[in-house]
Amino acid sequence: MMTIGIICAMDEEIELLTQDMQSEQVQTIAGRNFYIGTLYGKQTVLVKSHIGKVAAALTASLLIDHFCVGSIIFSGTAGGIDPTLHVGDAVIGDLTCQHDFKVPGDPLFQIPVLKKSYLKSDCTLTQLAFEAVNDYILHEMLLDIPEKHLKAFHIQTPKAVIGTIASGDEFICDKEKNQWLYEHVQNIKCVEMEGAAVAQVCYEFQIPFAIIRIISDGANDDTHIDFDLFIEEAARYFTKGAIKTLLNKLS
């Protein structure tokens, strides 16, 4: 059985997963703690990447080079760009792009060494992740997240969608930039700061990958959400539940 690499960007997002690991060992490389063990019956290496594309790319490279993982799953929060998405919805990325990557004369977002603007996630992992998130929402979410917390964040019946995740080294909170991304990125669903960097590393190493993102704020949502509270009381449980359900689906 190949080892699965799991990356989250923040402590809160990996905390519950590390608590569930069995036969755990910790190896520290480049300031990152790699938790090695069995997670929900699968050989796993779990690590916090820190925020940003460079940090995420380095972390993915270390997983591949030092731990020989056979696939990588990245999970965490993101900002919604598609106006049909709201807080608590989930995006499974079938494509990624770096929205801040622009070379004069080249097509928008194109990475010169690859001659590609978009990188495709592993089809099988992406479909399984989509099914896992839907299963979690239907059968487990209310067992993990108290209803009062869901109401506090105006989460009623969250949905999962498949689409493009755009990454860049900036926190997007400007309506004009949201609109520009919606108009220029193919089938964009959400924006974050790590996924496309992990995708490029995996593409160049030919490692299957999938990205799962929980929407923490939406382009069309005027409700102001306390991000730290959302992570603590909702998103981290969703991340754990989605990963657990996905790992249980993997043979």
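**Figure 1. Ser-23 in strand E2 of the predicted model.**
Ser-23 sits within strand E2, which spans residues 22-29. Its backbone is worth a look: phi is positive, about 50°, although Ser-23 is not a glycine. The relative accessibility of Ser-23 is 63%. That value is over 50%, so Ser-23 counts as exposed.

**Figure 2. The hairpin of E2 and E3.**
Strand E2 runs antiparallel to strand E3, residues 32-39. Six bridges join the two strands. Ile-29 faces Arg-32 of E3 across the pairing. Two residues lie between the strands. Ala-30 belongs to this loop between E2 and E3. Ala-30 has a positive phi of about 50°, yet Ala-30 is not a glycine.

**Figure 3. The hairpin of E3 and E4.**
E3 also pairs with strand E4, residues 42-48. These two strands are antiparallel and are joined by six bridges. Ile-36 has Val-45 in E4 as its bridge partner. Here too, two residues lie between the strands. Tyr-40 takes a positive phi near 50° in this hairpin. In a regular strand, side chains alternate between the two faces of the sheet.

**Figure 4. Thr-59 in helix H2.**
Helix H2 covers residues 53-67 and holds Thr-59. The relative accessibility of Thr-59 is 0%. This is under 20%, so Thr-59 counts as buried. What does Thr-59 touch, leaving out residues up to four places away in sequence? The list is Ile-7, Arg-32, Phe-34, Val-47, Lys-48 and Ser-49. How far apart are Thr-59 and Glu-232 in sequence and in space? They are separated by 173 residues in sequence and by 24 Å, C-alpha to C-alpha.

**Figure 5. Thr-126 in helix H3.**
Thr-126 is part of helix H3, residues 123-139. Is Thr-126 buried or exposed? With a relative accessibility of 5%, Thr-126 counts as buried, because the cut-off for buried is under 20%. Beyond residues up to four places away in sequence, Thr-126 touches Ile-92, Gly-93, Asp-94, Ser-121, Ile-162 and Ala-210.

**Figure 6. The whole chain, for orientation.**
Eight helices and ten strands make up the secondary structure of the chain. The radius of gyration is 17 Å, close to the 18 Å of the globule rule for 251 residues, so the chain is as compact as a globular protein of that length. Along the principal axes, the C-alpha atoms fill a box of roughly 50 × 45 × 30 Å. Of the 251 residues, 55% count as buried. The chain exposes about 11,200 Å². Carbon and sulfur atoms supply 50% of this area. Charged side chains number 19 positive and 33 negative. The centres of the two sets lie 3 Å apart.

Terms used:
Residues are numbered from 1 along each chain as its sequence is written. This is a predicted model: local features need pLDDT of at least 70, side-chain atom pairs count only at pLDDT 80 or more; totals for chains, interfaces and linings use all residues. Side-chain values use heavy atoms; hydrogens and water are left out. Helices (H or I, at least four residues) and strands (E, at least two) are DSSP runs, numbered from the N terminus. The radius of gyration is taken over C-alpha atoms; the globule rule is 2.2 Å times the number of residues to the power 0.38. Buried means under 20% relative accessible area, exposed over 50%, partly exposed in between (1.4 Å probe, protein chains only). Accessible areas come from the Shrake-Rupley method with a 1.4 Å probe; for residues, only the protein chains shown count as cover. Lys and Arg count as positive and Asp and Glu as negative; His and the chain ends are not counted. The place of a charge is taken as NZ of Lys, CZ of Arg, CG of Asp or CD of Glu. Contact means heavy atoms within 4.5 Å. Two strands pair if DSSP finds at least two bridges between them.
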